[in-house]
Amino acid sequence: LSTVVLKHLNYSALMTSAANIETMAAAGESETLEFKATTGKRNEAAKTLSAMLNGQGGTVLFGVRSDGKVVGQQVAESTLVDITQACTMIHPQFPPSIERVEVPGGDGVAVIAVAVPAGKSKPYRHKDRYFVRSGASTVVMPTEIQLSLVLEGAHSMDRWEFAPSDRDIEALDEDEVLLFRDQAIANQRGPFSSTAGVPDVL
């Protein structure tokens, strides 16, 4: 078993073995597990990882087909860098745990396991959109959930906004609230003016 874990990660998953991969593949895709046949799908995978951060966390396996067949792929150091680069489209940024697991008898091919925990700075977005997992699918986050997560994060004990400081509504992340406003308008899900400020949206 050969495992390569990229440096400077802020999340350490359990080391994944070939047997673990087979078990996960046999279980099928779920809210916390998705398969990608190759890293050519890394941008879609990054979107799924952002959705997993917004939920219970989860893992994407590259080198496993949608039917659960473990096929592996050739993996170079640049392959792992490409995955990390794709994940920089997640905001707030959260570098995932990445492991390379050789497929027994696979002539050097490997499966890449990319994992994230449940995020602590929800909501996370991929590029300019927010996503959640719905069963084994990644779907656009409903605006109601998005607003709930923004408010929940603003009042979290783990965030600086909650520390005693005489701060008021200005302590909220204005960019996140205004992005919510714009998406609500675009989806015809909120009675907001395009010039509405943070107090109006809340």
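Q: Which residue forms a salt bridge with Lys36?
A: This is a predicted model in which local features need pLDDT of at least 70, side-chain atom pairs count only at pLDDT 80 or more, and totals for chains, interfaces and linings use all residues. Residues are numbered from 1 along each chain as its sequence is written, and side-chain values use heavy atoms, with hydrogens and water left out. A salt bridge here is a side-chain nitrogen of Lys or Arg within 4 Å of a carboxyl oxygen of Asp or Glu. The closest N and O atoms lie 3.2 Å apart in the pair that Lys36 forms with Glu44.

Q: Is Lys36 buried or exposed?
A: Buried denotes under 20% relative accessible area, exposed over 50%, and partly exposed in between (1.4 Å probe, protein chains only). Because its relative accessible area is 11%, Lys36 is classed as buried.

Q: What is the distance between the closest N and O atoms of Arg100 and Glu102?
A: Arg100 is buried, with a relative accessible area of 12%, whereas Glu102 is partly exposed at 35%. Their salt bridge brings the closest N and O atoms to a separation of 3.5 Å.

Q: What is the relative accessible area of Asp182?
A: The side chains of Arg181 and Asp182 meet in a salt bridge, at 2.9 Å from N to O. Arg181 is buried, at 10%, while Asp182 is partly exposed, with a relative accessible area of 36%.

Q: Which residues do salt bridges that share partners join into one network?
A: The structure holds eight salt bridges. Through shared partners, salt bridges link into one network Glu34, Lys36, Lys41, Glu44 and Arg133.
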